[in-house]
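Here is a quick tour of how a protein model packs its inside. Have a look at the structure first, then read on.

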Amino acid sequence: MWLTLGFVNNLCIAGFPAISEDFSGIFCNSRRFTPGNILKKILQMEDKELSHEDSLRLINTMINKAKNSYHDTGVGPILWGTVVGICGLVSFFRIQYKFILPFDIWLLTLIAILPQVYLGVKASRTRKVKAYEESTMDALWICFGVGIFILSFISGFIYNNFHPMVEEYARRNPGVSVLNYDSFSTAFFLLWYGFPTIITGVLRNFKPMLAGGILCWILCIISVFTPLKIDMLLTSVAAIFAWLIPGVILWKRFKKRKAAHGI
Amino acid sequence: MEFKDLDPILHSQLRLAIMSLLISVKEAEFTFIKEKTNATAGNLSVQLNKLKEVSYVEITKQFKDNYPLTLCKITLTGIQAFETYVKALQSYMNL
């Protein structure tokens, strides 16, 4: 199937005029001959023999129509970029200014699941078509979400088991620098943030997200050498660049498209 | 050079438009296909049934918010037929 799609796309790239994506400008200069009007004309010619050029033109038009039917609103990345960004920043200021919150700020990520589920259900209800890419993306980000909670569980388990031992060692060896697992665990989370972000960026050919994912991995390596306070700041920066900014770009594109095509 | 015959089921404007749409997506609602092909509901329904008869598409009927919902999906046979059709076109046009 992909070979076929590739073939049709290659025809466009090769400059085959009859099936060019924007053939309205090639065939004629009149506004009457928009791709939609040409398609309508082709479909109205029920009795007329379909030429090979017509067939290819029709295939190309429909494939492009299907491709353009999916629009990412960017709401999901904006939500998670904001939540994780805020959690990271609050954690940074909490350590910096040594204040105590009545609750763990990272619990906000659990609360954020509710609007995410609502948005997902709403999108699936209004969606008239399901693209292959969407299914892949859904699976990828669900696995990421579940993975984050498994990673948090493992981190908590390791911390609870090792921390008493480390505290005892620090008590017996005053002045000796001891391992702080919390500081190292941030690196695993940043590594995990990078995976789906890079894959999404590559699959959607969306450079801001690809760059954001790569930044997560760079910050992951840096976080190994920085204290927990800075790690929290790095987490916030990662969330802003990997999700919030790409999400805002997607939202703007969606709004622009909606205004232009009314979708 | 030997020219392959074009599949008569696919060599029709509306059926080819439906197959080209469905090959690009996992599944699509009837209303989506209608909107994208600019076809009438009656004609679309007839052509979809023709494609279903030769097992090129799978049609599932269900309900969404108490309204009937028709979902269409291309089958493996449909994908193979579409590929053969495009290859035949390719050979005709020496591409």
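This is a predicted model: local features need pLDDT of at least 70, side-chain atom pairs count only at pLDDT 80 or more; totals for chains, interfaces and linings use all residues.

Residues are numbered from 1 along each chain as its sequence is written, while chains are lettered from A and ligands numbered from 1 in the order in which they are written.

**The cores**
- A nonpolar core is a set of buried Ala, Val, Leu, Ile, Met, Phe, Trp, Tyr and Cys residues joined through C-beta atoms within 7 Å.
- "Buried" means 20 or more other C-beta atoms within 10 Å of a residue's own, "exposed" means 12 or fewer, and "partly exposed" is in between, with C-beta atoms placed from the backbone.
- The largest nonpolar core has 33 residues, and B:Ile18, B:Met19, B:Leu21, B:Leu22 and B:Ala28 touch the most other members.
- H1(B) gives the most to this core, with eight residues.
- A second, separate core of 23 residues includes A:Trp80 and A:Ile240.

**Helix H3 of chain B**
- Helices (H or I, at least four residues) and strands (E, at least two) are DSSP runs, numbered from the N terminus.
- Which residues of H3(B) are buried? They are B:Leu44, B:Gln47, B:Leu48 and B:Leu51.
- Down the helix axis, the buried residues of H3(B) fall within an arc of 105° (taken from the directions from the axis to the C-beta atoms), so they line one face.
- Exposed B:Gly42, B:Asn49 and B:Glu53 sit on the face turned away from the buried side of H3(B).
- After H3(B) comes B:Ser55, with a positive phi near 60°.
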